[in-house]
Amino acid sequence: MPVLPNRAALPALTCAAGFVLAVLLLTSRTGAQDKKPAAIRSKVVTRADARSTKGPWGEMRVHFNGDETFANQAAFAAIAVVEPGQAVHLAHRHVEEEFLFLTEGSGTWHLDGREFPAHKGDVLYVEPWVFHGLRNTSDKPLTFAVVKYQPKGVKGPPRPDDRKDEVDRP
């Protein structure tokens, strides 16, 4: 014969059992225990809706930040206005591929240890783990758009060495 708890404990046990049952029912219906947020759908993110980050270097408006898309496990898209003599950050590298579109102004590209003049209309493509950057070396604001992504089902190449990922000059 089973052992029953004393009568004083029954309300607490009933409540706990009901809570566990509700959680199990909800997660079995929705798959919530292992479900990631759905990939973003086609949409426009306005400048007003983009998250603004400001610093002494200028302002960046982030439209997408780590969002999953149909083909990418994480995507980043932003527009930055960089003040004269400034850069958003030092030359850096990461596992994601990246495109930078210079839409206004001029400056200096940094790519894999070399520097090049940067002009309106230039586009920079960067492979995984290649040092890159953009500095406004003019006396007017510089504007660029950036798109960075990591495709689904494609494992990024391993880190090539143990150097820091952001440096003044690699």
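In strand β7, arginine 114 is the bridge partner of leucine 111. The model is predicted. Leucine 111 and arginine 114 belong to an antiparallel pairing of strand β6 (residues 106-111) with strand β7 (residues 114-119). Six bridges hold this pairing. The two strands form a hairpin, with two residues between them. Aspartate 112 lies in the turn and has a positive phi of about 55°.

A six-stranded sheet was also identified. The sheet is open, and its strands follow the order β1-β2-β3-β10-β5-β8. Pairing is antiparallel. The edges are taken by β1 (51-55) and β8 (123-126). Each has a single partner strand, so one side of each is left without a neighbour in the sheet. On average, neighbouring strands of this sheet are turned by 15° against each other, direction ignored.

Strand β3 (residues 72-82) and strand β10 (residues 142-151) run antiparallel and are joined by ten bridges. Isoleucine 79 stands opposite alanine 145 of β10.

Strand β10 also contributes to the largest pocket. At least two lining residues come from each of β5 (97-104), β9 (132-135) and β10. The pocket holds about 230 Å³ of space. By class, eight lining residues are nonpolar, five are polar and two are charged.

Technical notes
Residues are numbered from 1 along each chain as its sequence is written. This is a predicted model: local features need pLDDT of at least 70, side-chain atom pairs count only at pLDDT 80 or more; totals for chains, interfaces and linings use all residues. Side-chain values use heavy atoms; hydrogens and water are left out. Two strands pair if DSSP finds at least two bridges between them. Helices (H or I, at least four residues) and strands (E, at least two) are DSSP runs, numbered from the N terminus. Axes are lines fitted to C-alpha atoms, for helices over the stretch in contact, and angles run from 0 to 180 degrees between N-to-C directions. On a 1 Å grid over the protein atoms alone, a cavity is a set of points where a 1.4 Å probe fits but cannot get out, and a pocket is an open set with protein on both sides within 12 Å along at least five of seven lines; lining residues have an atom within 4 Å of a point. Grid points are joined across faces, edges and corners, and a volume is the space filled by probe spheres set on the points. Ala, Val, Leu, Ile, Met, Phe, Trp, Tyr, Cys and Pro count as nonpolar, Asp, Glu, Lys and Arg as charged, and the others, Gly among them, as polar.
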